[in-house]
Amino acid sequence: MRYISTRGAMAPLPFSETVLLGLAPDGGLLLPERYPQISREQLDAWRGLGYAELAFEIIRLFADDIPDADLKGIVQRAYRPELFGSAAITPLKRLHDGIAILELSNGPTLAFKDMAMQFLGQLFEYVLARRGETLNILGATSGDTGSAAEYAMRGKAGINVFMLSPDGKMSAFQRAQMYSLQDGNIHNIAIQGMFDDCQDIVKAVQNDHAFKASHRIGTVNSINWARIVAQVVYYFKGYFQATAGNDEKASFCVPSGNFGNVCAGHVARRMGLPIDRLIVATNENDVLDEFFKSGRYAPRGSANTWVTSSPSMDISKASNFERFVFDLLGSDGAAVAKLWAEVDAGRGFQLDAEQMRRVSDEFGFVSGKSAHADRLATIRQLDSEDGVVVDTHTADGIKVARELRRAGENIVCLETALPAKFADTIREALDREPPRPAGFEGLETLPQRVTVLPAEAGLVKAYIEQSLE
């Protein structure tokens, strides 16, 4: 299995090379030359597997340069019941109306990002040890990627983490999870701006090839292909849990800002998993909803990005969207590069009617949006009717799923995080504190360590250099 760039100007690479690369040298994102195709016999054989066993079977198709015994060890260390609270790893629960919630937030940082990040932490350590190298990870977070990455990488040999977050834009719980870590290899940087500013800085540093090479810069954001591969696994597991047999179809509703989570569903569907529709749920930052309804993709910039009560989706520039457009355009890297030159210039692009027909008919995408009043109403309704408390992002997903559900459609909503991470909005909706898992008492009162910087890539590079001296 070899990997190419969405912009067409990179020689194919094996999986292990992509793990440490982040962005391709031409500024594109990495994708396999082809998606593995899953037979009915494989689906039947996989249906009864535990999570780690299933992860091994799926990831080995993409990571065929890692010996099977080594890969088994990586996934077994990543997906341990003691890390995720149960042998199921990702339990599924049905609401009274038949919509299902796939629980993805039982890991160390109470968010779905743990599902990929625990794998990535083990994978980085393995690849670096095999190569005798070190890695300095530069990442950006809108709330959950950062803590998941830091908890997965803390204390790992040969790894430093530099995590950018938008200053003052995350919940108090999210800030405390990250900034309270005192490990010497963890560096938190609060950027004076929005998540899109943080993401732009990561890409600017990735595209400074001399700095990237001399300082061994890698990334844990969903531009890293290994993260997408790990997320593909829970679509298969969720499908098996939500259906009685492999003749059935299921749809997935995914709260989405950066398109990484739902991109993994797109990959699973292309592999042959019987997914009916992929339902994209946005918040007030509805750039993706605008695209799926009109064919217009026009990121609005940080100055026009709303600060909302589902902050992990306060994003107007969806990095992983480029991977989907590459598939939509028939793997035409030159065409993708041309479109993203328009995006980078602030103009965006418009797809035609035939391309948009394929988006829905061939690729199964539809979308909807949710606002603050919607998520409050959904949280209250779920609490009243099902005795279930969900976080704000998952509420966005359930609102959109109910709005777009077709008769008899089996929809699985992907849980984003546990409600404890967004206590202010839960209190507003329910007039009480959200349930808080054991071990997180007093988190917000712990000493915090963070450096605040303006949104300038040069200052971030200088900070990295100083920290590594």
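Helices (H or I, at least four residues) and strands (E, at least two) are taken here as DSSP runs, numbered from the N terminus. The structure is a predicted model, in which local features need a pLDDT of at least 70 and side-chain atom pairs count only at pLDDT 80 or more, while totals for chains, interfaces and linings use all residues. Residues are numbered from 1 along each chain as its sequence is written, and side-chain values use heavy atoms, with hydrogens and water left out.

Serine 147 belongs to helix H7, which covers residues 145–153. Its relative accessible area is 0%, so serine 147 is buried, where buried means under 20% relative accessible area, exposed means over 50%, and partly exposed lies in between (1.4 Å probe, protein chains only). When neighbours within four places in sequence are left aside, serine 147 is in contact with Thr109, Gln177, Met178 and Lys421, contact meaning heavy atoms within 4.5 Å.

Lysine 113 is found in helix H6 (residues 113–131). An unreviewed UniProt entry gives Lys113 the annotation "modified residue: N6-(pyridoxal phosphate)lysine"; UniProt positions are in the numbering used here, feature names are shortened, and annotations may be inferred rather than shown by experiment. Lysine 113 counts as buried, with 13% relative accessibility, and, again leaving aside neighbours within four places in sequence, lysine 113 is in contact with Asp144, Thr145, Ala148 and Arg227.

## The N-terminal span and its sheet

An unreviewed UniProt entry also places the feature "domain: Threonine synthase N-terminal" at residues 2–79. The span of residues 2–79 is 47% helix and 12% strand, and its end C-alpha atoms lie 26 Å apart.

An open sheet of 3 strands runs in the order S2-S1-S3 with antiparallel pairing, two strands being paired if DSSP finds at least two bridges between them. Strand S2 (13–14) and strand S3 (30–32) stand at the edges with a single partner strand each, and therefore one side of each has no neighbour in the sheet. Strand S1 (residues 2–5) pairs with S3 in the antiparallel sense over 3 bridges, and isoleucine 4 stands opposite leucine 31 in S3. Helix H14 (residues 321–328) lies across S1 and S3 and runs at about 45° to S3; axes are lines fitted to C-alpha atoms, for helices over the stretch in contact, and angles run from 0 to 180 degrees between N-to-C directions.

## Salt bridges

A search of the whole structure finds 33 salt bridges, each defined as a side-chain nitrogen of Lys or Arg within 4 Å of a carboxyl oxygen of Asp or Glu. The table lists some of them.

| Aspartate 276 | Arginine 406 | 3.2 Å |

The salt bridge between aspartate 276 and arginine 406 links distant parts of the chain, 130 residues apart, with aspartate 276 in strand S11 (residues 275–282) and arginine 406 in the loop between helix H18 (392–404) and strand S15 (411–414). Aspartate 276 is partly exposed at 23% relative accessibility, and arginine 406 is partly exposed with a relative accessible area of 43%.

Aspartate 286 is buried, with a relative accessible area of 13%, whereas lysine 369 is partly exposed at 35%.

Arginine 357 and glutamate 354, by contrast, both lie in helix H16 (residues 353–361), 3 residues apart, which is about one turn of the helix. Arginine 357 is partly exposed with a relative accessible area of 39%, and glutamate 354 is partly exposed with 43%. Elsewhere, salt bridges that share partners join Glu17, Arg131, Glu133 and Arg216 into one network.

## Around glutamate 362

Glutamate 362 lies in the loop between H16 and S14 and counts as partly exposed at 37% relative accessibility. The side chain of glutamate 362 makes a polar contact with the side chain of arginine 358 at 2.8 Å; a polar contact is a pair of N or O atoms within 3.5 Å, where, within protein, one must be able to donate a hydrogen and the other to accept it, and residues adjacent in sequence count only if both atoms are side-chain atoms. Not counting residues up to four places away in sequence, glutamate 362 touches Arg269, Arg270 and Arg357. The C-alpha atoms of glutamate 362 and arginine 277 are separated by 9.9 Å, although the two residues are 85 residues apart along the chain.
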